Amino acid sequence: SKDGSKLPGDEAGNFNPADFGVSVRVTTRILGGRFHGIRFTVQPDDIIAPPGSTVELKCNARYIPEKLNFGWILNDSELVLSNVVPRKTFVYDLSPSNGNLRIDNISGEAYGVYQCVARYSGGTIISRKAHVTMPYLYKINNQPATDIICNETYPCVLKPHSVISFPEPSFAWEYRRNSNETFSEIEKLHGGSAMFPVSLEGHLCILGVTRGDQGQYRCRINNTAGIVYEVYNVTIGKKR
């Protein structure tokens, strides 16, 4: 102070901003901008990829003082690209401008949990985990068709058999009067009629069954793994 007395601080009289309730933020100016340390600007996301497809895991990081070196971890082990490429049917390609990793013709051992690694002189940072998963879709019941009798004027519910799938499948129903015709989507045939609602589980409900509803119904079940079908031969019984 001007009168020579000590400012609040330690025993040596050093100034301590905390004694005044002042917070101090130290920043280093580099290349005209504030430096806040290394950080990811892009991190990889989960991907569902059918076999044989091309996958791109995106990654980038920012560190002003120096150029970063990128790499990847697969299932908790470092991915050494030079060792992998010659022995596999799939191909890895690491972008020279950022950390993006492309996998061409993905198969078998290329599925798993990936993490991007950014290295600099002071150490390494690792991204969040990204799961690269193979989709699947299997029918439990493989019989060619199921015979159903629906009674006139009553509701009739057609339930597709269970499937084993990932991700969850979608359902669409088709109809034709006989085997000489081609299948057409029920929603288009009836203009989205409320008389043919479909539940989230794929169940088709025919409300107020009439003789004209007799025929062949086909449920189309699909996800990114492909499509499977289930066919129902519907006969209309007499009024009860």
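**Entry 1: Trp173 and its strand.** I looked up the bridge partner of Trp173 and found Cys219, in β21. The model I am reading is predicted. Next I checked the two strands around this pair. Strand β18 covers residues 170-176, and strand β21 covers residues 215-223. They pair in the antiparallel sense, over seven bridges.

**Entry 2: the sheet.** I then asked which sheet holds these strands. I found an open sheet of five strands, in the order β15-β22-β21-β18-β19. Its pairing is mixed. I noted the edge strands as β15 (146-151) and β19 (184-185). Each of these pairs on one side only.

Entry 3: Glu174 and Arg218 meet in a salt bridge, at 2.7 Å from N to O. Glu174 sits in strand β18 and Arg218 in strand β21, 44 residues apart, so I logged a link between distant parts of the chain. Is Glu174 buried or exposed? Glu174 is buried, with a relative accessible area of 7%. I also traced shared partners here. Salt bridges join Glu174, Glu185, Arg218 and Arg220 into one network.

**Entry 4: other salt bridges.** How many salt bridges are there? I count nine. One of them joins the side chains of Arg119 and Glu78, at 3.2 Å from N to O. Arg119 lies in strand β11 (residues 112-120) and Glu78 in strand β8 (residues 77-78), so this pair ties together parts 41 residues apart in sequence. I checked accessibility for both. Arg119 is partly exposed, at 30% relative accessibility. Glu78 is exposed, at 53%.

Arg211 is in the loop between β20 (204-206) and β21, and Glu152 is in the loop between β15 and β16 (156-158). The two are 59 residues apart. Arg211 counts as partly exposed, at 45% relative accessibility. Glu152 is buried, at 16%.

**Entry 5: the cavity.** I searched for cavities of 30 Å³ or more and got one. The largest cavity has a volume of about 40 Å³. Which strand gives the most to its lining? Strand β22 (residues 226-237) does, with three residues. I listed the lining: Lys139, Asn141, Gln143, Ala145, Thr146, His161, Glu230, Val231 and Tyr232. By class, I noted three nonpolar, four polar and two charged residues.

Conventions:
Residues are numbered from 1 along each chain as its sequence is written. This is a predicted model: local features need pLDDT of at least 70, side-chain atom pairs count only at pLDDT 80 or more; totals for chains, interfaces and linings use all residues. Side-chain values use heavy atoms; hydrogens and water are left out. Two strands pair if DSSP finds at least two bridges between them. Helices (H or I, at least four residues) and strands (E, at least two) are DSSP runs, numbered from the N terminus. On a 1 Å grid over the protein atoms alone, a cavity is a set of points where a 1.4 Å probe fits but cannot get out, and a pocket is an open set with protein on both sides within 12 Å along at least five of seven lines; lining residues have an atom within 4 Å of a point. Grid points are joined across faces, edges and corners, and a volume is the space filled by probe spheres set on the points. Ala, Val, Leu, Ile, Met, Phe, Trp, Tyr, Cys and Pro count as nonpolar, Asp, Glu, Lys and Arg as charged, and the others, Gly among them, as polar. A salt bridge is a side-chain nitrogen of Lys or Arg within 4 Å of a carboxyl oxygen of Asp or Glu. Buried means under 20% relative accessible area, exposed over 50%, partly exposed in between (1.4 Å probe, protein chains only).
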